[in-house]
Amino acid sequence: QVQLVESGGGLVRPGGSLRLTCKASGDIRSIYAIGWYRQAPGKQRELVASITRPSSPYYPNAMKGRFTISRDNAENTVYLQMNTLRPEDSAVYYCNKQTHARGPWDTDWGQGTQVTVSS
């Protein structure tokens, strides 16, 4: 069972950028999709971006334009580049996986990485 670990969060000023890293414990080439989600206090967890095998990104409409997801199969890593950050982007960011097409996303979530956008 491939495990995912998030990192790269931190405190950034409005308008700044961060790159989050989702490192897998095994080969991600066998995983159909990996996604980045976020959850702010008092809000539901929401999808930020996902990327399917071999490398097709998907962004919900509300996330288009400032976020870029990419995967490096050689490093078993998925990245989320976040630009022009806003205070409302503050949240815990998680990565998750969908092992097979039409299969469920994992029900176990990792620790996530905290992103705080504040001046």
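## Ground rules

Because the model is predicted, local features need pLDDT of at least 70 and side-chain atom pairs count only at pLDDT 80 or more, while totals for chains, interfaces and linings use all residues. Residues are numbered from 1 along each chain as its sequence is written, and side-chain values use heavy atoms, leaving out hydrogens and water.

## The nonpolar core

Let's start inside. The largest nonpolar core holds 28 residues, and those with the most contacts inside it include Trp-36, Val-48, Ile-69 and Tyr-93. Such a core is a set of buried Ala, Val, Leu, Ile, Met, Phe, Trp, Tyr and Cys residues joined through side-chain atoms within 4.5 Å. Buried here means under 20% relative accessible area, exposed over 50%, and partly exposed in between (1.4 Å probe, protein chains only).

Among the strands that give two or more residues to this core are β3 (18-24), β5 (46-52) and β8 (77-82); strands are DSSP runs of E with at least two residues, numbered from the N terminus. The largest share, four residues, comes from β3.

## Strand β3 and its partners

Five of the seven residues of β3 are buried, so this strand is largely enclosed by the rest of the structure. Strands β1 and β3 run antiparallel, joined by four bridges; two strands count as paired if DSSP finds at least two bridges between them. Within that pairing, Val-5 has Lys-23 of β3 as its bridge partner.

β3 also pairs with β8 in the antiparallel sense, over six bridges.

## Ala-49 and Ile-69

Ala-49 sits in strand β5 and is buried, with a relative accessible area of 0%. Beyond residues up to four places away in sequence, Ala-49 touches Ile-34, Trp-36, Tyr-59, Ile-69 and Leu-80, among others; contact means heavy atoms within 4.5 Å.

Ile-69, leaving aside neighbours within four places in sequence, is in contact with residues including Ala-49, Ile-51, Pro-57 and Val-78.

## The largest pocket

The largest pocket has a volume of about 170 Å³. It is lined by 13 residues, with Gln-3, Lys-97, Asp-106, Asp-108 and Trp-109 nearest its centre. On a 1 Å grid over the protein atoms alone, a pocket is an open set of points where a 1.4 Å probe fits, with protein on both sides within 12 Å along at least five of seven lines; lining residues have an atom within 4 Å of a point. Volume is the space filled by probe spheres set on the points, which are joined across faces, edges and corners.

β9 supplies the largest share of the lining, three residues.
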